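Please keep the sequence and the model at hand while working through them.

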Amino acid sequence: MATASLQQQPPSLTFPRPIFAAVSPHPFLQAHLSANKKIPVRANGRSAYEFRRSGINTGSLTHANGSAVVRLGNTSVVCGVRAEILMEEDVPGTNDFPPPRTDGEDEEDDTQEIDTLRLIVPNIELSTGSTPSHIPGNAPSTFQQSLITRIRSLLLSTRLLRAADLRILYKPSSNPEDPDEEPETIVKAYWVLYIDVFFISIDGSEFDAAFLSILAALRDTRLPYAYFDEEYEGILCSDAPSEAKRLRLRGLPIPSTFAVFEGKSEDAGEQDFEWVLSDPDAFEEGVCRESVCVVVDGSRGDVVVRRIEKSGGGVVGREHLRGVVGMAGKRWSEVEKALSGSG
């Protein structure tokens with residue numbers, strides 16, 4: 001008995017990585033970042049400023065006008081764009097907007113027309129098992145509603161879509177008021193774009209993945225040639241694929257999300273320190289209190305900041321923002337190449 005007791009090993013005082021991360025997430029992440037002061041490495045193996053590679057594939061859904069599948073690490077999302085015709089007489093307030101231009105020039109501002117007539121309708125759906133917080137069968141969560149609001153706001157503020165691409169015009173053969181005058185071109189109907197975003201799995205940076213999938217799906221979208229038929233007195237669409245037209249997007253705004261991790265010093269006399277983490281995963285988002293989302297567009301040469309969203313904390317100031325915008329600009333070039341090579 002004495003020999004057997006001597007051979008017994010004492011219980012281990014260390015925790016496996018998953019248990020350490022679940023029990024003490026803040027010390028777990030800080031231990032990884034502070035291990036190498038020159039190049040901080042996160043628990044997921046990426047450096048502090050490293051983004052996950054964007055995997056993009058378009059045209060995946062055969063029964064949609066445009067579609068895309070986007071993957072950022074373990075965050076996977078599918079987007080489908082479905083176009084439906086909305087008749088002019090069914091939309092109140094259509095005549096409140098300036099008449100359509102036929103000279104080929106770009107409209108000065110058609111955001112109000114798209115917004116008022118609700119010509120873009122984004123929607124967010126979560127699959128079963130996409131995230132532990134999602135319970136199937138419940139009403140849309142605040143997470144879904146917040147994403148829908150942010151996506152729609154960004155689509156409108158960047159003026160990404162053109163109302164001219166969504167109008168279905170008609171020019172009468174004669175002017176009913178004055179046969180001697182040239183008849184005016186009028187709007188008979190609109191294309192309404194229903195943008196459905198479906199999350200397969202969620203592991204951080206949900207807004208980046210969702211909006212990137214929308215960009216890829218809109219670039220893949222083709223609208224059939226639609227016209228008003230006088231004899232039929234309705235809208236007809238051509239079946240010829242060669243007559244379908246693509247959407248002419250204004251630019252390519254790409255969002256980049258950053259999270260700020262605030263470390264705590266063991267010595268009372270030393271100051272606390274922080275790290276800015278690019279493209280945080282779900283574990284890092286749960287530990288960090290402050291986040292910044294920067295939307296940039298470099299499609300016209302210089303990188304232009306289209307939007308900055310900030311929530312929580314007070315670490316990120318003007319100095320940090322310069323660095324964050326610079327990293328977002330570099331990421332724009334990488335994502336643009338991925339979008340150009342998708343298909």
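A pocket is here an open set of grid points with protein on both sides within 12 Å along at least five of seven lines, and a volume is the space filled by probe spheres set on the points. The model is a predicted one.

**Exercise 1.** Describe the largest pocket by its volume, its lining and the elements that supply the lining.

*Solution.* Begin with the volume, which is about 590 Å³ for the largest pocket. Next, turn to the lining, which consists of 32 residues, with Phe143, Leu147, Arg150, Glu206 and Glu285 lying nearest the centre of the pocket. Sorted by class, this lining has 14 nonpolar, eleven polar and seven charged residues. Finally, assign the lining to elements: those that each supply at least two residues include helix H5 (142-157), H7 and helix H8 (282-287), as well as strand E11 (254-263). The largest share, five residues, comes from H5.

**Exercise 2.** Determine how H5 and H7 are placed relative to each other, and which residues make the contact.

*Solution.* The axes of the two helices come within 11 Å and cross at roughly 50°. Angles of 65 to 115 degrees count as roughly perpendicular and those under 35 degrees as roughly parallel, and H5 and H7 are therefore oblique to each other. The crossing of H5 with H7 is right-handed. On the H5 side, the contact is made by Phe143, Leu147, Arg150, Ile151, Leu154 and Leu155, and on the H7 side by Glu206, Phe207, Ala210, Phe211, Ile214 and Leu218. By class, these residues divide into ten nonpolar, no polar and two charged.

**Exercise 3.** How many cavities of 30 Å³ or more does the whole structure hold, and which residues line the largest cavity?

*Solution.* The search finds one cavity of 30 Å³ or more, and the largest cavity has a volume of about 50 Å³. Its lining is formed by Thr111, Ile114, Ile120, Leu155, Leu156, Arg159, Leu160 and Leu161. Helix H4 (111-116) and H5 each supply at least two of the lining residues, and the lining divides into six nonpolar, one polar and one charged residue.

Methods:
Residues numbered from 1 in each chain as written. Predicted model: local features only at pLDDT ≥ 70, side-chain atom pairs only at ≥ 80, totals over all residues. Heavy atoms only, no water. 1 Å grid on protein atoms, 1.4 Å probe; cavity = no way out; pocket = protein on both sides within 12 Å on 5 of 7 lines; lining within 4 Å. Helix = DSSP H or I, 4+ residues; strand = E, 2+ residues; numbered from the N terminus. Nonpolar A, V, L, I, M, F, W, Y, C, P; charged D, E, K, R; others polar. Axes fitted to C-alpha atoms, helices over the stretch in contact; angles between N-to-C directions. Parallel < 35°, antiparallel > 145°, perpendicular 65-115°, else oblique. Left-handed = near helix turned anticlockwise from the far one by under 90°. Contact = heavy atoms within 4.5 Å.
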